[in-house]
Amino acid sequence: MEVSSLPISASHRAKLISAGYISISSLSSISPAHLARDLGISENEATGILKVASQRGGPERTIPSHHSIVDGLRAQTAWDMLHEEESCRRITTSCADLDDILGGGISCKEVTEIGGVPGIGKTQLGIQLAINVQIPLEYGGLAGKAVYIDTEGSFMVERVQQVAEACIKDMQEYDSFLRKDLPARQVNLQANDFLANIYYFRICSYTEQIAVINYLEKFISEHKDIKVVIVDSITFHFRQDFDDMALRTRLLGGMALKLMKLAKKFTLAVILLNQVTTKYSGGSFQLTLALGDSWSHACTNRIILYWNGNGRYAHIDKSPSIRSASAPYAVTGRGIRNLASNCKRVKLILRARLAHDEHICRSLI
């Protein structure tokens, strides 16, 4: 049970969440003096909060028997896990080279962190994935919807519409290529259809960010077609006004666990865009992803975007299932694309996608 359900004042609930007390069980072993210090309230107020929490969370605070613990778990064989991974769908990035090193695209049921310097294309890739997750099943997509959590104000609707229009043209090109001499079919989608399937949250503080992520499970339960959650960026509000690093670590850890749970429970992809910072190592300052070393364990996959001369590259820095590799990509008027020419680009993307969806190819011809 979460503190948001406690019958206390809204200001006290907000202070609890801001201080990292998300669940009622997190209040079970804390003293009124400690809670008063964390929340900046009087001990009498803290005592009242703890009293309400103990009444609401009484059953949860009792030590469960071994049977009750085991009853809530389900054993799964490694064979089942392998089958799930092999059957898990992926979201194309619209860049064949990048899809190739990712094993076909961004994987569902996993948390993927994408970081890089300003201007490298993090938001552009986030927008591309919010569009591509909606590609219909008959074109190799997931026919899903997207949640876009914007903490920086970098989400531009005009750009989203531009990428959506390009995606429709891509689908028409794919269809023409597959059907060859057969009459071309019209894609029955408009750019506005793509925009209508992106649920946008504008976040202006870290407390709002925590509240929205806590709300996501209920929201996704009511919108079951959601297949990707994008946070742009996970970092912004946690790099300001934080003198207590232990509190920041606790809050970030709680968010990471929530997002991992969402990815598994709803078989969706979670994309966390991250900024960079400097780190002193080996006698010099080096660029590294923000939020510290402990945060690097919060994601399943980590992709670092970087410049190599005038070219943009993506490097798989961490993944349990795919090897480290780098690939070039481009940010164009159509969105994220391969560096190849237009004609070769279509064939490359088709080859990458149809390698995983041969039955779709047959159904279209």
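**View 1. Leu35 and its neighbours.** Leaving aside residues up to four places away in sequence, Leu35 touches Leu16, Tyr21, Leu27, Ile30, Ala46, Ile49 and Leu50. Bear in mind that this is a predicted model.

**View 2. The largest nonpolar core, zoomed out from Leu35.** This core has 55 residues, and the members touching the most others are Leu16, Leu27, Leu35 and Ile149. Domain 1 (3–55) and domain 2 (83–363) both contribute residues, so the core sits between them. As a bit of background, nonpolar side chains in soluble globular proteins tend to be buried together.

**View 3. A second, separate core.** Here we have 46 residues, with Cys108, Cys167, Val187 and Ile230 among them.

**View 4. Glu113 with Arg302.** These two side chains meet in a salt bridge, 2.7 Å from N to O. Glu113 comes from strand S3 (residues 111–116) and Arg302 from strand S10 (residues 301–308), so-called distant parts of the chain, 189 residues apart. Buried or exposed? Glu113 is buried, because its relative accessible area is 0%. Arg302 also falls under the 20% cut-off for buried, with a relative accessibility of 9%.

**View 5. Glu217 with Lys261.** This salt bridge has an N to O distance of 3.7 Å. Glu217 lies in helix H11 (residues 206–222) and Lys261 in helix H12, so the pair ties together parts 44 residues apart in sequence. Glu217 is partly exposed, at 23% relative accessibility, and Lys261 is partly exposed too, at 46%.

**View 6. Stepping back to the whole chain.** The protein chain carries 14 helices and 13 strands. Of its 365 residues, 47% are buried. Among contacts with a separation of 6 or more, 65% are between residues 24 or more positions apart. The accessible surface comes to about 18300 Å², with 54% of it belonging to carbon and sulfur atoms. How many salt bridges are there? The count comes to 7.

Key. Residues numbered from 1 in each chain as written. Predicted model: local features only at pLDDT ≥ 70, side-chain atom pairs only at ≥ 80, totals over all residues. Heavy atoms only, no water. Core = buried A, V, L, I, M, F, W, Y, C linked by side-chain atoms within 4.5 Å. Buried < 20%, exposed > 50% of the residue type's maximum accessible area, 1.4 Å probe, protein only. Domains from an automatic or database assignment. Contact = heavy atoms within 4.5 Å. Helix = DSSP H or I, 4+ residues; strand = E, 2+ residues; numbered from the N terminus. Areas by Shrake-Rupley, 256 points an atom, 1.4 Å probe, with all protein chains shown as cover. Salt bridge = Lys/Arg side-chain N within 4 Å of Asp/Glu carboxyl O.
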